[in-house]
Amino acid sequence: QLQIVESGGGLVQPGGSLRLSCATSGFTLDSHSLAWFRQAPGKEREGVSCINSSDGSTDYVDSVKGRFTISKDNAKNTFYLQMNSLKPEDTGVYYCAAGSFGYDCSAYVPYNYDYWGRGTQVTVSS
């Protein structure tokens, strides 16, 4: 059975760091595009970062470039989002997602993702 579960959220001060994990089972990471989305209070869900299944290339939205790093560990069937220099505007519920579609993941089209975690809360506040 295919499963995907994110973890690692919490409360952190501005400038701090968090590492989110997305544990998967039932499929191979290399066969799927992998992505992180987030949703702030009162806002719609937006893409944050992703890895294309086609060539392993990564993408980051402008607001997180230079601060966040997406990575994966195929042996552990887990992918990550390392978040550094966190800002209050990074606050929100973060979701990991995986999809078997071959489209460019940087479009951040939710419909392209077959599997979704239930979300983990990230709060950046002093």
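Which residues touch the most other members of the largest nonpolar core? They are Trp36, Phe68, Phe79, Leu81, Met83 and Tyr94, out of 24 residues in that core. A nonpolar core here is a set of buried Ala, Val, Leu, Ile, Met, Phe, Trp, Tyr and Cys residues joined through side-chain atoms within 4.5 Å.

This is a predicted model, in which local features need pLDDT of at least 70, side-chain atom pairs count only at pLDDT 80 or more, and totals for chains, interfaces and linings use all residues. Residues are numbered from 1 along each chain as its sequence is written, and side-chain values use heavy atoms, with hydrogens and water left out.

Strands (E, at least two residues) and helices (H or I, at least four) are DSSP runs, numbered from the N terminus. Leu81 shows how these parts meet. Leaving out residues up to four places away in sequence, Leu81 touches Leu18, Arg19, Leu20, Trp36, Val48, Ser49, Phe68, Thr69, Ile70 and Tyr94. Contact means heavy atoms within 4.5 Å. In soluble globular proteins, nonpolar side chains tend to be buried together.

Another core, of seven residues, lies apart from the largest one. Its members include Ala97, Cys105, Tyr108 and Tyr113.

## Sheet

Four strands form an open sheet in the order E1-E3-E8-E7, with antiparallel pairing. Strand E1 (3–7) and strand E7 (68–73) are the edges, each pairing on one side only. From one strand to the next, the twist averages 15°. Axes for such angles are lines fitted to C-alpha atoms, for helices over the stretch in contact, and angles run from 0 to 180 degrees between N-to-C directions.

E3 and strand E8 (residues 78–83) pair in the antiparallel sense over six bridges. Two strands count as paired if DSSP finds at least two bridges between them. Ser21 stands opposite Tyr80 in E8.

## Disulfides

A search of the whole structure finds two disulfides, each a pair of cysteine sulfur atoms within 2.5 Å.

| Disulfide | S to S distance | S-S torsion |
|---|---|---|
| Cys22–Cys96 | 2.1 Å | about 65° |
| Cys50–Cys105 | 2.0 Å | 75° |

The Cys22 and Cys96 link is right-handed. Cys22 lies in strand E3 (residues 18–25) and Cys96 in strand E9 (residues 92–99), so the pair ties together parts 74 residues apart in sequence. Cys22 is buried at a relative accessible area of 0%. Cys96 is buried too, with 0%. Buried means under 20% relative accessible area, exposed over 50%, and partly exposed in between (1.4 Å probe, protein chains only).

The link of Cys50 and Cys105 is right-handed. This pair joins distant parts of the chain: Cys50 sits in strand E5 (residues 46–51) and Cys105 in the loop between E9 and strand E10 (115–116), 55 residues apart. Cys50 is buried, at 0% relative accessibility. Cys105 is buried, at 3%. With the bonded cysteines numbered in sequence order, the pairing is 1-3, 2-4.

His32 lies in the loop between E3 and strand E4 (33–39). His32 is buried, with a relative accessible area of 9%. Leaving aside neighbours within four places in sequence, His32 is in contact with Phe27, Ile51, Ser53, Ala98, Gly99, Ser100 and Tyr115.

Ser53 belongs to the loop between E5 and strand E6 (58–60). At 25% relative accessibility, Ser53 is partly exposed. Not counting residues up to four places away, Ser53 touches Asp30, Ser31, His32, Ser33 and Phe101. Ser53 and Cys105 are 52 residues apart in sequence, yet 8.5 Å apart in space, C-alpha to C-alpha.

## Aromatic pairs

The structure holds six aromatic pairs. Rings of Phe, Tyr and Trp (its six-membered ring) pair if their centres lie within 6.5 Å; planes under 30 degrees apart count as stacked, over 60 as edge-to-face and the rest as tilted.

Phe37 and Tyr113 form an edge-to-face pair, 5.6 Å centre to centre with 80° between the planes. Phe37 is in strand E4 and Tyr113 in the loop between E9 and E10, 76 residues apart. Phe37 is buried, at 1% relative accessible area. Tyr113 is buried, at 7%.

Phe37 and Trp116 form a tilted pair, 4.9 Å centre to centre with 45° between the planes. Trp116 lies in strand E10, 79 residues from Phe37. Trp116 is partly exposed, at 24%. Ring pairs link Phe37, Tyr108, Tyr113 and Trp116 into a cluster.
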